[in-house]
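Look at the model below before reading on. The text that follows goes through some helix packing and then the overall fold.

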Amino acid sequence: MKDDRKKVVVVGSGGRLGSSLLKFLGRAHQVIGFDHKQLDLGSIRSIDEALGELDFDCLFLTGALTAVDYCETHEQEAFAINATGPGRIADISAGKGAHVTYVSTDMVFGGSKPDPYVESDKPDPISVYGASKLAGETAVLEYSQANLVARVSWVYGPGRPAFPEWIIGKACSEANLTLPGDKVCCPTYTLDLIEWMAALAFGSPGGPASGIYHLCNSRPCTWREWGQFCIDTARDAGIPVIAGEIAGVPVDSVPAFVAKRPLNSAMSTEKFTGLTGIRPREWKQSLRDFVIQDGSFARYQLTPHVP
Ligand SMILES: NC(=O)c1ccc[n+]([C@@H]2O[C@H](COP(=O)([O-])OP(=O)(O)OC[C@H]3O[C@@H](n4cnc5c(N)ncnc54)[C@H](OP(=O)(O)O)[C@@H]3O)[C@@H](O)[C@H]2O)c1
């Protein structure tokens, strides 16, 4: 019998998105994952050793240096991991005729547009992280126009704590919380995202999608609104939250932020819907599923860390 399964590589398989993608794609395809220890994106030699002799049809690049404030003071390292390494991966993949999906970020945008950004908007990053990811996008698309860039934002999900675990953890020990009320974005649930990514890579008989696509849950919100809904949902789930209304503050007033954040980096997903017919559900539905229903929300991970 003919084996229709694709040979798939996930680079960054130890991360939040990469670990869920590895599990999900493994149900239908032959998947090999490389975590940070197995493949260092900052080392061309490591990339060559891991992928040079490997036979694969497509590769998902979810690994990255994602610590936005660390990147601001480690520019060379950020560009090596987020741009030069991905370029090398695209080079190797092009040589094998393999398709690459590079996961990028809303932070390629400067944040001054009043409406959600569309794929044809010109990127204008205001942080080293955003600039390094934009350079990664360019490198990956330069090696093959058939490759795909999936821009995502405010990612959370099972496997590694993100903003929801952080704010709910804080809300269990502090009554008075503040969050930026002027920064607007779209949260993205990894368990939704992996299905959208698979639809782009495998859903069409004409082959994998190419170019740039924005992928996030629908309806933009402020950071304060996101945090408020996280703690209200946690309370509904029986988590002993003591915080009430979160007060809004300007994003520029947060002392922990070294890098600038775009004020509005909400993204439109109309292009994705036009191609696949899939309309991403609202972020509040996904968040409720994560905290209450899916069983993947880890209460033991409610420990403060910088989001
Ligand atoms: N998280 C967000 O809110 C967000 C927003 C927009 C875009 N994105 C993009 O979405 C993708 C997935 O993010 P995520 O939420 O899954 O983040 P994550 O959990 O931090 O995953 C990133 C992975 O990359 C690995 N990594 C770091 N440096 C590496 C290196 N030099 N070589 C190989 N691997 C390395 C990390 O390993 P270690 O932890 O072991 O170092 C981690 O497993 C990234 O491309 C990110 O840029 C994320």
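**Helix packing and overall fold**

Glu75, Ala78, Phe79, Asn82, Ala83, Pro86, Gly87, Ala90, Asp91 and Ala94 of α4 are in contact with Val128, Tyr129, Ser132, Lys133, Ala135, Gly136, Ala139, Val140 and Tyr143 of α5; two residues are in contact if their C-beta atoms, placed from the backbone, lie within 7 Å. By class, this contact of α4 with α5 holds twelve nonpolar, four polar and three charged residues. Ala, Val, Leu, Ile, Met, Phe, Trp, Tyr, Cys and Pro count as nonpolar, Asp, Glu, Lys and Arg as charged, and the others, Gly among them, as polar.

The model is predicted: local features need pLDDT of at least 70, side-chain atom pairs count only at pLDDT 80 or more, and totals for chains, interfaces and linings use all residues. Residues are numbered from 1 along each chain as its sequence is written. Helices (H or I, at least four residues) and strands (E, at least two) are DSSP runs, numbered from the N terminus.

The axes of α4 and α5 (residues 128-143) come within 8 Å and cross at roughly 15 degrees. Axes are lines fitted to C-alpha atoms, for helices over the stretch in contact, and angles run from 0 to 180 degrees between N-to-C directions. α4 is therefore roughly parallel to α5, a label for angles under 35 degrees; over 145 is roughly antiparallel, 65 to 115 roughly perpendicular, and the rest oblique. The crossing of α4 and α5 is right-handed, meaning that the near helix is turned clockwise from the far one by less than a right angle.

Helix α4 (residues 75-96) also packs with α2 (residues 44-51), at an angle of about 30 degrees and with axes 10 Å apart. Ile44, Ile47 and Leu51 of α2 make this contact with Gly85, Arg88, Ile89 and Ile92 of α4.

Helices α1 (residues 16-25) and α7 (residues 190-202) pack at about 55 degrees, their axes 9 Å apart, and are therefore oblique to each other. Nine nonpolar, two polar and one charged residues form the contact of α1 with α7.

Overall, the protein chain has ten helices and twelve strands. Buried residues, those with 20 or more other C-beta atoms within 10 Å of their own C-beta, make up 48% of the 307 residues. Of the contacts between residues at least 6 apart in sequence, 80% join residues at least 24 apart. The radius of gyration is 19 Å, which agrees with the value near 19 Å for a compact globule of 307 residues; it is taken over C-alpha atoms, and the globule rule is 2.2 Å times the number of residues to the power 0.38.

Note on methods:
A residue is buried if 20 or more other C-beta atoms lie within 10 Å of its own, exposed if 12 or fewer, and partly exposed in between; C-beta atoms are placed from the backbone.
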